[in-house]
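Have the 3D view open as you read.

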Amino acid sequence: MTEPTPGLPQAEPQLIRTVADLRSALHGHASVGLVPTMGYLHQGHAQLIRQARAENRLVVVSVFVNPLQFGAGEDLSRYPRDLDHDLRLAGAAGAQLLFAPTPEQMYPDGFVTQVQVGGLAGRLEGASRPGHFDGVATVVLKLLNLVQPQRAYFGEKDWQQLAVVRRMVQDLNHPAQIVGVPTVREPTGLALSSRNSYLSPEQRARAAVLSAGLRAVQAAWAAGERQPEALLQAGLWALQQEPELQLDYLSVVDAELNVLAQLGSSVPSSEQTAATSVLHNTDMTTATAAAARLLIAARMFGVRLIDNMPLIPVQP
Ligand SMILES: Nc1ncnc2c1ncn2[C@@H]1O[C@H](COP(=O)(O)OP(=O)(O)OP(=O)(O)O)[C@@H](O)[C@H]1O
Ligand SMILES: CC(C)(CO)[C@@H](O)C(=O)[O-]
Ligand code: BAL
């Protein structure tokens, strides 16, 4: 493969539709980076592809809206799709192969095997979207097996997904290195996401409240608050300035995604709209806080959005 020439537009990647064609296109390639996506690519995906291109000779982007990770009543049928746009964006970012299989290619008749990650996959997104991470783990393992990359790239925007994939790869001894890539945001703070396309420009501007809520928790920590529930209450106050926001959860988790404290309507055993579940009763130590992550899921204008940040911002 030739290196991209700075300043020149890159060629579109080769479009591959079948498992057989993928196998022959990959034959003989020893340095391969995989970027799994569901398409409708944006600059967050471009960042993953650019990093993959910097670290591998061949970059494969997969575009597959994976039916297995959508629950009944979720947005599988209306999920945005635009393969021509994806080919252009993936090419400009440096991908050479774009694998866009049909569901029949990935799940032929008779397909019955699934990967189930225990523990961390049952919390947070896993609790709100039962079966979601079984679908993610299954398709990611299939993609890793098909492409056999040295490295596979995932966005920190989906923090729990990244942790689930790391766990699976470690537990099942897959040799691929899993690389996490920081979240790309709009200037307002809103994390880029394909589902943002469901929102009007005004709604998108208002959806920046999710990141504002996370920043309010960070500010409370910086101001000296150490009690997990009080930290989250500071975030809740910021979130409540937006009447359209319906909170699913606002959580602080440790490095293993154990929930230290959580607020929201998805907290078990409560009829309140913003129930609290505090699992870590004492003030947070600096060591716990240094590894802690804030995770949020909320619905705005009928669209479910997620975001996350470290409790203590990383210095640039
Ligand atoms: N803003 C972003 N910054 C960095 N990585 C991202 C960003 N958005 C998505 N990714 C990563 O891109 C990969 C493919 O994600 P996906 O195709 O689901 O896009 P998405 O924008 O997250 O879509 P959705 O709106 O369905 O959540 C995932 O590893 C995801 O974490
Ligand atoms: C990793 C993934 C491509 C699996 O379908 C998907 O969950 C996504 O796009 O984040
Ligand atoms: N990036 C997350 C994929 C999903 O919501 O299904």
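By class, the shell around ligand 2 has 5 nonpolar, 4 polar and 1 charged residues (Ala, Val, Leu, Ile, Met, Phe, Trp, Tyr, Cys and Pro count as nonpolar, Asp, Glu, Lys and Arg as charged, and the others, Gly among them, as polar). This is a predicted model, where local features need pLDDT of at least 70, side-chain atom pairs count only at pLDDT 80 or more, and totals for chains, interfaces and linings use all residues. Residues are numbered from 1 along each chain as its sequence is written, while chains are lettered from A and ligands numbered from 1 in the order in which they are written.

Around ligand 2 you will find Pro36, Thr37, Met38, Asn66, Gln69, Val136, Val139, Val140, Asp158 and Gln161 (a residue is near if its C-beta atom, placed from the backbone, lies within 6 Å). Strand 2 (32–37) and helix 6 (132–147) are the elements giving two or more residues to this shell; helices (H or I, at least four residues) and strands (E, at least two) are DSSP runs, numbered from the N terminus. Helix 6 gives the most, with 3 residues.

Strand 2 is joined to strand 3 (residues 58–63) by 6 bridges, and Val35 stands opposite Val61 in strand 3.

Key: Pairing = 2+ DSSP bridges.
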